[in-house]
Amino acid sequence: MTTLDLIGSSPKFRAVLADVARLAPVDSAVLIQGETGTGKEVIARAIHEASPRRHNRFVALNCAAIPSALLESELFGHERGAFTGACTQTKGRFQMADGGTLFLDEIGDMPLELQPKLLRALQEREFERLGSAQTVRVNVRVVAATNQDLEQLVSKKLFRADLFYRLNVIPICLPPLRERIQDILPLTEFFVAKFAASFAKPIDLIPDEVVAVLKAHDWPGNIRELQNFIERAVLFSPGSVLRLPLDPTQRMPQTLKQSSESVSRTLADADREHILETLKHADWMIGGQGGAADRLGLPRTTLIYKMRKLGIETRRPQRRPAKPIVKTPLLAGHFAAAAAGTL
Ligand SMILES: Nc1ncnc2c1ncn2[C@@H]1O[C@H](COP(=O)(O)OP(=O)(O)OP(=O)(O)O)[C@@H](O)[C@H]1O
Ligand SMILES: [Mg+2]
């Protein structure tokens, strides 16, 4: 991803892009900090693409995803027979990234015992493969990222101070989406165009009230959360006007402080409501032409899977006596309508 593909026009995001342009030509280490989903990996790739190293490899390693016992070998490689199961000599990520960029994601999870070896590789650009006395020299630029507060880890002695300063030569702080509200509209337009094309479902209009609701939300999962939400909105919009998969006036959170748990609950409610509404219009027919799956633009099996997940019966509810049977207001309303014969 180059800086050209990065969406955002807020002053804070433009300042980040200006930093990327300034630091790309040099080889100094970069430390990208920011909440989850703010775009740390895309910025790391943008740095690589804007640098003279772009013709060589961008190698990424998520330090949190590899068991610590295997991390040393992943980073620095090993010789045949270095440990049980090491059948061949293997290059590590440092060597794979020679001439290019090594992206160390979730650097806060780097085990303490491995940190001196990493520090030496950064400072001296040399290391030894596991089980070998031979020194390997490499020319690698390191970009690291974390959503943890590394300085706090240093003060708790969970991260080495010398490694922190070595990585933090050029710090980049990615602001959360709620601090760059100006980026919400261009990002929404970008994701709508992307998903409309991939679902072959043209969307011609994003109404102002939809944008207002999106701007009012806190987005604890940042750009990733917005992207997933727009994917669902495009999928569930009945026509060519973007509709939020929920009632914007009642269900979309309006306050700026909202836990992600309650957001996902409202989104699940909205999904359930939309599916129930569609089933009602399709006379509870799931498959076939004009069935709910057809109307929602989903494969029948996907809809059935979603219905089960959301606790929706796959059959038309039986007519019931007036007494409500289901406790949740949504389904109670649904069954009340069934009982009244309006479904
Ligand atoms: N400025 C941007 N323009 C377009 N898409 C973006 C932008 N920033 C992030 N994204 C998209 O948002 C998603 C999350 O980005 P990314 O994986 O880089 O975040 P992250 O900060 O590394 O998250 P995590 O901390 O969870 O690893 C990706 O799908 C990415 O393509
Ligand atoms: Mg990431």
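Student: Why is A212 called partly exposed?

Tutor: Its relative accessibility is 45%, and the label covers whatever lies between buried (under 20% relative accessible area) and exposed (over 50%), using a 1.4 Å probe and protein chains only. So A212 counts as partly exposed. Keep in mind that this is a predicted model, where local features need pLDDT of at least 70 and side-chain atom pairs count only at pLDDT 80 or more, while totals for chains, interfaces and linings use all residues. Residues are numbered from 1 along each chain as its sequence is written, and side-chain values use heavy atoms, with hydrogens and water left out.

Student: What makes residues 208–216 a helix, α9?

Tutor: Helices are DSSP runs of H or I with at least four residues, strands are runs of E with at least two, and numbering starts from the N terminus. A212 sits in that run, α9. The protein chain has 14 helices and 9 strands.

Student: Which residues of α5 are buried?

Tutor: In α5 (residues 115–124), they are Q115, K117, L118, L119, A121 and L122. Their cover includes helices α3 (68–76), α4 (93–96) and α7 (161–167), plus strands β5 (101–105), β6 (126–128) and β8 (141–146). Just after α5 comes R125, with a positive phi of about 55°.

Student: How much of the protein chain is buried?

Tutor: Buried residues are 47% of its 343 residues.

Student: And what share of contacts with a separation of 6 or more joins residues 24 or more positions apart?

Tutor: That share is 70% in the protein chain, where contact means heavy atoms within 4.5 Å.

Methods. Chains lettered and ligands numbered in written order.
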